[in-house]
Amino acid sequence: MHLLRTDSGADGRDSRTPVSEQIPVGLTAPSMDHLDQLEAQSIYIFREAFGRLKKIALLWSLGKDSNVMIWLARKAFFGRLPFPALHVDTGKKFPEMYRFRDHYGKEWDLDLRVEPCPPIDAVDPTLPPAARSAARKTEGLKMALGKYGFDGLIAGIRRDEEATRAKERVFSPRGLEGNWDVRDQPPEFWDHFNASPPQGAHLRIHPILHWTEADIWAYTKRENIPIIPLYLSQNGKRYRSLGDQDITNPVNSTASNIDEILAELEQTKVPERAGRALDHETEDAFERLRVAGYL
Amino acid sequence: MNMIVTPASPATPNGTTRPQVRIVIVGHVDHGKSTLVGRLLHETGSLPDGKLEMLKAVSARRGMPFEWSFLLDALQTERDQGITIDTTQIRFRTNSRDIVLIDAPGHAEFLRNMITGASQADGAVLIIDALEGVRDQTRRHGYLLHLLGVKQVAVVVNKMDRVDFSADRFKEISDEISAHLNGLGVTPTAVIPISARDGDGVAERTDRIGWYKGPTVVEALDQLEPARPLEALALRLPVQAIYKFDDRRIVAGRIESGSLIAGDEIVIMPAGKITKIKTVESWPVTPVAGRQGAGRSVGITLDRELFIERGDIVAHAGSAPRETRRLRARIFWLHDKPLAKGDQLLVRCGPKESRATVVAIEKAVDPGELSSTENKAIGRNHVGEIDISLSSPIAADPYTENPRTGRLVIEVSGRIAGGGLVLSVDAGQRAVPVDIVPVESALRPDERSARYQHNGAVVWLTGLPASGKSTLAKALERRLFTNGGSPILLDGDTLRAGLNNDLGFSAADRSENIRRLAEVATHLARNGHIAIVAAVSPAREDRAAARRIADTAFREIHVATPAEVCEDRDPKGHYKKARAGALASFTGIGNDYEAPQAAELVIDTSTRTVAEAADEIEQMLKTTGVLFDEMVDLAANI
């Protein structure tokens, strides 16, 4: 044991020379495009989460956003996901989603943890039907949290998705019950994140908060990230957002590849989560769910 | 998250990059900021087709006159009602610049956004109502620009139509605001008469302001100097983590400025170790050839193994950041409890964190009032300048040299409580000549500790005069020496006879006395000796400074003999003289001794023998890892 910092004193350096120009003319780095910037920011967030928290997991919903997240994490950690991928399974996803999970869970060498949700009877009966169904997932998540004791959960929400998500922080503290206090959020700026949740609480980490739906598709195409075929048009309909079978509806679309999806997004006035029943039940349903810990 | 009105691409058709300039528009809340923004978007052709016509039609249908500020509202609403305005950025183009308007006008958390956003602003537009003239808020915003270091300020005198485009009125306001800004060290780049509503002076010099010969608002924006691109600055790669997932040891982080390429000779700060970049690692393709510039999250491997940790900064040899334990910062405070001198904080500079103490508060300003400049504490939403002493050295740049590594945030109880800009490093300390090259010992610490059976340490005995410090120090010295150790006694009075004979007993001299004692003791401790310091050292702050210097080697012992006993002993006759008024500044009479609150050991010599007290010190040194108990421990320590 060395009580003393042997490297803090001096070892022949001279750090006080004036700053001089470093870049030889004509040797500039290639400039970064929009997707490069988003990617670099997300990688930074992933590394901060992994470095500053003790036990984290990535919430893998199998959708386009969380697949992009896994891809970004593998970029951050040079090919691997150095923490578990947690799938909180309602048991009601599309068969294509389960196939996708089982295939890429292996191919990407994920430490996959599938956690079940409680039966519907255990959930607040005053919520509208679809919200109640989604609230099941929140309960499942709480159970998984209790089981593993994670202090950080990485979630693929984006600011542009939905109004209440716009108020989110990148590192967002959740109370002991997993709840979110939108009015008492700590300041977050200059890529400095509040990474010390109170005892027993945990953090939600949002590495793609600054991305848009179009960014996700453009990046998926550029990086050739696999997707579930339900996102592409069949018989004039496709899914823009994938949830449980019974509360997710396809939208009218002829987009059968990513380029066509991007073209469609340029034109559309329909919000992304239009096919998600729970967003439209009552005005405060989503806010109530988020306060209770829904993603 | 950005409100992109025109395509954000900074590239022109011929492939050259247009300079990007970030601006803020400030001024009194009713002086027409939103109107100016709406008009600017229109005049620069930045609005989507049909948008203006649509809004005019909507206004007509509702039977209300069209206002330019509707544009901003409409764009905002349309974008997403939930988008918080503090993340909004509006872009438009002038002839040769891409303008990014950070911080849309007129919302509640103005100060915080102003500082977090505007600290990166290259320029500002300060708006003044021609009828109302310079108001308090106008002056405050001018002062804020000064605080934030925004040097390029264009002033627009708006609503000239309401003063009949009077050149005299314009000159009156122009003189007043110029004098105010000049007083703050800011020279306006232009003062422009405009009517944002009608368009005069925004993009055109109309007849109504025919007497004005200066630039229009668009021309003034076009002349703003962009900040130097981050890539043109010296390399700064703050280390986020070291990964060893496989046989590669990858140093990961984001390039904050400059650029790097495999083969570069680099220096790891603050340790100052020099090595080379072996490879730049990536995924799925690795390694990557070619230069990597500012903004990239990268991973590098080094051509030799050396100790490197999160928070270090990779720089090019020859343009490294300064290493410091002390810096001055201009901060804004967001915490409920005001920031005061002596407060203990956590400072984060990129991924580097360090415990810190507020040594001085040089300025404390309420930007809402600008009246109170009490230098005691910085309240919530106030700004100020502080000197910070850091418990471990960090590598930092003044923000004028590097806007990314020249900023920091302050945490209190694990929560971000403030942020600021690094004004200077080594604040308040003597300049160190550049030709000082400290030489390190050729011996390793473990070689020394194997011989002495102990690690180096600073044992600091503090207490009232005649409390028994010197007696204990000598007993401890004898005991350690007998056991084969290497103790060295540093008595305050003895050093005053030589090294410190230029110092008296003023508070400043006492502090300097303690600092020198601590530096000498720390040097000895670094070289494996146990420095035993016996000094009254009455000021808590001075002892805290000593602890910062010696860092983990510091062991504080409070010799807490009751004051009556000390006065009764009085071996040097000091108490008697002081009582007779013959000894000024004597600690012991009165309440000027500040007892330690968290000493490693407290000893009352009136209730135990010298040998018993020495036993207790020896035991403390064992339990805190200075003295080795057994040979077994020694093995564990090598």
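In chain A of this predicted model, 74% of the contacts between residues at least 6 apart in sequence join residues at least 24 apart. The chain has 295 residues, of which 43% are buried, and its secondary structure consists of seven helices and eight strands.

Helix α2(A), residues 64-76, packs with helix α5(A), residues 213-223, at an angle of about 50 degrees, and the two axes lie 10 Å apart. By residue class, the contact of α2(A) with α5(A) comprises four nonpolar residues, three charged ones and one polar one.

Turning to chain B, its secondary structure comes to 16 helices and 27 strands. Chain B has 638 residues, and 46% of them count as buried. As for its contacts between residues at least 6 apart in sequence, 72% join residues at least 24 apart.

The covering extends to both faces of β25(B). On one side sit B:I530, B:I532 and B:A534, on the other B:A531 and B:V533, and all of these are buried.

Strand β23(B), residues 457-462, pairs with β25(B) in the parallel sense over five bridges. In this pairing, B:V458 stands opposite B:A531 of β25(B). Strand β24(B), residues 487-491, likewise pairs with β25(B) in the parallel sense, also over five bridges. Here B:L490 is the residue that stands opposite B:V533 of β25(B). Both of the β25(B) residues named in these pairings, B:A531 and B:V533, belong to one side of the strand and are buried.

Conventions:
Residues numbered from 1 in each chain as written. Chains lettered and ligands numbered in written order. Predicted model: local features only at pLDDT ≥ 70, side-chain atom pairs only at ≥ 80, totals over all residues. Buried ≥ 20, exposed ≤ 12 C-beta atoms within 10 Å, placed from the backbone. Helix = DSSP H or I, 4+ residues; strand = E, 2+ residues; numbered from the N terminus. Pairing = 2+ DSSP bridges. Contact = placed C-beta atoms within 7 Å. Axes fitted to C-alpha atoms, helices over the stretch in contact; angles between N-to-C directions. Nonpolar A, V, L, I, M, F, W, Y, C, P; charged D, E, K, R; others polar.
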